[in-house]
Amino acid sequence: LSGEFDNLVDAARADMSARPGLSLCEAWRDLDLAAIRRDLIKRLGQAGIDEAEIDTRYLMRHALRPDDLTAALAGEVLVSWQQVSELADLASARLQRQPLSQVLGTQPFWTLDLRVTPDVLTPRSDTEALVEAVLARWPENTTRVLDLGTGSGAILLALLSERGEATGVGVDLSRKALEVAQGNASICSLSDRACFVEGRWGNGLEPHAFDIVVSNPPYIVSDVLAGLAPEVRDYEPALALDGGDDGLDAYREIAGQLETLLAPGGLFALEIGYDQAQSVSGLLERAGLQQIECVTDLSGNDRVLLGRMSEL
Ligand SMILES: C[S@@+](CC[C@H](N)C(=O)[O-])C[C@H]1O[C@@H](n2cnc3c(N)ncnc32)[C@H](O)[C@@H]1O
């Protein structure tokens, strides 16, 4: 029996030492929750995280789940040691500069709460400018939407959530991203109107089958990637970021496919980098697209190019 007991103790020790937040737990052993909060803000700041206070609040709310975090911080609600050790694990991942969205596993986008994993780009608030611009120009009798490089499914699901009559297809080269998108469709109760297909941009899709084509393709110049924040460079998929030597590789392919994919009079919308409006407009014009216009994001940066396919 004592041999079995020793084995159990060894297993528990091994399990404990594998826990990423163990050293934080030890540092917090004699602190109350308010002191833990102060300590975590300080550590996140020292790790180079700008919004240390906001991140601390999200991490504490996620791990401790008291309805009223203020009451818990004042010692009016008890939290368990297990909850504090969960907080330590989350905090330790964030201290390694894993994005908050991946640590929490979710990210708000538009009116939706989407699941996020390391297999997908975290949906950005800048991309909401594309959703807003498309909704404002929604062609009459539109039913079919195509999202090229759907990732978490963010754009497609946001559009479908606003237009109950529409259906959509999300394409991605990454099978793991498509699993996340499919899960998000289910979370948003949109599985019956969204389907997800593995593929390279619009290759192999039925011609002229879509009233709206949207895309937020990878558009960062390859050489710039190494200088990005660790949250992006070390944790987000390169496939979602790398736009090639001049950042325009994906736009060249997509511009060449839009005429084939869109129904006559159909609308397209592409997210672009802040300095890419001119170069991407040029590609689109040369591909025969019309009525090209640029929309800015909330920071005033060029962010979305929209246009139309000619009527028959
Ligand atoms: C910038 S992310 C956008 C994700 C999502 N649409 C969003 O806005 O949050 C680009 C997406 O394109 C996908 N992708 C990259 N190259 C692709 C290709 N050749 N064909 C299809 N999808 C591709 C990536 O896997 C990634 O999910």
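Predicted model: local features only at pLDDT ≥ 70, side-chain atom pairs only at ≥ 80, totals over all residues.
1. One of its polar atoms lies 2.9 Å from the backbone nitrogen of S299, and a polar contact of 2.9 Å joins the side chain of D297 to that of R303. When neighbours within four places in sequence are left aside, the residues in contact with D297 are D126, A129 and R303.

2. The second residue is V180, which is part of helix α10 (residues 175-187) and is buried, with a relative accessibility of 2%. If residues up to four places away in sequence are not counted, V180 touches R115, T117, V120 and S152. Between V180 and C294, which are 114 residues apart along the chain, the C-alpha atoms are separated by 30 Å.

3. The last point concerns helix α8 (residues 128-136) and helix α9 (residues 154-162), which pack with their axes 10 Å apart and at an angle of about 40°. The crossing of α8 past α9 is right-handed.

4. Where these two helices meet, α8 contributes L130, V131, V134 and L135, while α9 contributes I155, A158, L159 and E162. Sorted by class, the residues of this contact are seven nonpolar and one charged, with no polar residues.

Definitions and conventions
Residues numbered from 1 in each chain as written. Heavy atoms only, no water. Polar contact = N/O pair within 3.5 Å; in protein donor to acceptor, adjacent residues only side chain to side chain. Contact = heavy atoms within 4.5 Å. Helix = DSSP H or I, 4+ residues; strand = E, 2+ residues; numbered from the N terminus. Buried < 20%, exposed > 50% of the residue type's maximum accessible area, 1.4 Å probe, protein only. Axes fitted to C-alpha atoms, helices over the stretch in contact; angles between N-to-C directions. Left-handed = near helix turned anticlockwise from the far one by under 90°. Nonpolar A, V, L, I, M, F, W, Y, C, P; charged D, E, K, R; others polar.
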